[in-house]
Amino acid sequence: MGEQDSQNNTLACNTTPRVYAGSQMSCQVDNPTLQALYPLESVLNIMRILQPSLSPIPNTTTFGEAGSVYVQLIYAGVEQFYCEADTCTQTLGNGTSSANWDCQNLRCTCRAGTTFCGGFPAANLTSVINSLAGTLGIHCDALDNSTNTATCQFQQKDLLTLFPPSGLTLNGCSFGECVGQSVIDTSGNIATPDTMSGKSLSGGVIAGLAVVGALILLALLFILFGYIRQRRARNKQQSDSSGMKVGVQWEGITYSVDASSSSFVLFRTHEERTVLDNVSGSVKAGQMMAILGPSGAGKTTLAEILAGKHKSGSVLGTVKFPANGSSTGAAAPRIGFVPQQDVLPPTLTVHEALLFAARLRLPENIKDIEKREMVEELMAKLGISSLRNVRIGHNENMGGKTRGISGGEMRRVSIGLELISRPDVLILDEPTSGLDSVSASRVAQILHDIAHDPTNPIPVIASIHQPSSKLYQSFDSILLLSHGRALYSGPGGFAPSEYFARVASDVVPPYPPGYNVADYLLDIASDPNVSLFQISEKGKSPSVDSPVDEKPGIDSAENPQVYATSHGDFSSPPIASSGRHPICTTTFLTQLQVLAEREWKILQRDKTLFLTHVVVASVLGVFCGGLYYKIDTSIAGFQARVGCLFFLGALIAFSSLSALYNIVETRPLFLRERSSLYYSPTSWLLSRFIFDVVPLRIIPTIIVSSITYWMAGLAHDAAHFFKFLFILNFLLGASFNNGGVALLLSALSALYQMTFAGFFVHLSSIPPVLRWLQWLCPLKYTLEALSVNEVGSGLLIQDTLQGVPVSVSASLIMNLVHILFRTHLHLKLMHDH
């Protein structure tokens, strides 16, 4: 940069025969033989291109390939023929002002119907001119300072025969070339590709490198900060919460949802449907409660509210967690919730799934070897040790593709995912639904053992749909719901039947001896008499609320630690009254590491989608490259180049729609794990970017772009090729959507981008009311950037229009079009005003 700044970049006019970048010369043809046939004035215009990169504005002030010559003969103001040659070399004569040009591959074309080419039949030179070929020499003497002109010789083997001994003489040749003074001072050697060592980078490249460097620096700082937090969390002293025993009390739980009859706001009639109505109850540590009731009674809703899950309706009431053996300021109780559906990672084994949960849900100060031991103990407790290395597979009820473990085994794995976090309260939504009697009894026995653990008893609450007699007898207490209201809340066993026989013998049929108590209660709740609700409201139900204070260690009179949720706030797991919000157990860096490990395993084991993307990208690359194979530099070829760029941009936009498949497939798992505070959405998105966007989006984009780029013959240099890849991947980043957008809307979005990209319709012809939409179209910016990248490589359009040769820089055309468009827009605005 220092060397470049010290140079004199003032523009100068070179009027000597020597060429530095690209020079124009114009000469008089004063040959007696030709003047005898054609007496009017003949002028030969020659453009010599040596190093177009030295021009002040490459491809604009000078255009053409390096080492080329273009010749044009004008007779009486009309072009007669034109020639071109390439592979030219310049040799300086005595003194630096004289120069000799020697070129190869001369080609000349006579313009039919002109004076030289058939317009004067007696002296038709068409065959002579069209046959000119081989080498070409343009030798110019030193400049005459008095006239500022020089004499040159136009030499070709046929012309040497016609005009011996030195060929066609050109008199009064004048020269003109606009070039930087520094180029003249250094004899034109500062900008040649071989000798250029200190060339400055363009502003765009510098800005791009600055952005990339800043992003890398931020990433390194972020990793360093995450590492410090991770080490601090792992070195934190472990807190002992094993002696903490928590009960659950809920009072006046009421939940209502909007049941408006119309989806239009103007015509909507506001109605509310009550799902739960003033439901109360309690469970002590070491007890297992069953929530019974027919379908639609509100069992699942109550379980989710007790677990602190987000509800869209209106919630009223209070949930308390009276605790014993906890110190002041202890952490809020951990609530484990097992949903009805088993949403598990299908490609992981049982051990890997439980270890994944342990690493994210247990504190970081617990060593990894201890977490592994806890997983092994839990698997033995759940009776799934034999399934340690068996992949979970897909759930058939969820539309699964591959079978793995059975439904009962899946349910035990789901319970294990919650137990691994050592919850203080475990809540389950219909844990036995869809299981056979043997599997259901095994799950119930596991829950019973968990609740009555001699060292760490916890309250277990499960909503149950039509349990068997054996399953029913395993519960310590029962909550019977009907139409969202509690008919009974008290001890289990035969106590409910005795209760109804005592308080409602006139409205409830007697209990048949030997009949399943659960079925008897469901018969009552299916079509209850109105008086049963009145009895419940009078408080005659033998609720287990009062015995909560009777159990040793759960005595509110001794001022235990109480955790409660506020009225109407059940959007998150229950928290302490101090206002602390639930956060993930592990740090961000740990979350990212564990998620990345799982995503890598999934990518390794499910290669179908990745291989499909690679194969399709290769096929499309060959197809697109064959469609635009070796595009020429004619006007039609330029249009084909733009079409090729648009085709690639549209292809990338549509290929990003395949991300919807992964989003739909992984969304239930993400929602379950996120609701259980496994990780933050940011860490999940970042891991998905690394192991979804990179292998399934970026790599296929590079494959299809690389194949098409070189087959189509676009700009043949590394700098423009990598810019090309960067622009396409920018479009990919703008098109890829991590939300659950419907496929139809995504397809319409891609079609919208194609419409406003400026390829199918001229943007200025779009009505003003819709024209502004072009600025929201990523494909428009991509197509413009790709076009500028291709044109900026020095693309030269060479064609013939109605017999007239055209050789013009594509960059110059784009600049002219831009100027004309701005002028047209300015005039139109003036006209409108």
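**View 1. Strand β9 and its partners.** Strand β2 (residues 22-29) and β9 run antiparallel and are joined by five bridges. Strands here are DSSP runs of E with at least two residues, helices are runs of H or I with at least four residues, and both are numbered from the N terminus. Two strands count as paired if DSSP finds at least two bridges between them. The model is predicted, so local features need pLDDT of at least 70 and side-chain atom pairs count only at pLDDT 80 or more, while totals for chains, interfaces and linings use all residues. Residues are numbered from 1 along each chain as its sequence is written, and side-chain values use heavy atoms, with hydrogens and water left out. Strand β1 (residues 11-14) is also antiparallel to β9 (residues 168-180), with four bridges; Leu 11 has Gly 180 as its bridge partner. Strand β8 (residues 150-155) joins β9 through four bridges, again antiparallel, and Ala 150 has Cys 173 as its bridge partner.

View 2. Seven bridges pair β4 (residues 68-75) with β5 (residues 78-92) in the antiparallel sense. Tyr 75 has Val 78 of β5 as its bridge partner. Two residues lie between the strands of this hairpin, and Ala 76 takes a positive phi near 55 degrees. β5 also pairs with β6 (residues 99-110), antiparallel over nine bridges. There, Leu 92 stands opposite Ala 99 of β6.

**View 3. Helix α18 and its two faces.** His 613, Ala 617, Gly 621, Cys 624 and Gly 625 are the buried residues of α18. They lie on the same side of α18, because they cover an arc of only 95 degrees around the axis. The arc is taken from the directions from the helix axis to the C-beta atoms. Thr 608, Val 615, Val 619 and Leu 627 are exposed, on the face turned away from the buried side. Buried means under 20% relative accessible area, exposed over 50%, and partly exposed in between, with a 1.4 Å probe and protein chains only.

**View 4. Tyr 227 in helix α7.** Tyr 227 belongs to helix α7 (residues 203-234). Its relative accessibility is 45%, so Tyr 227 counts as partly exposed.
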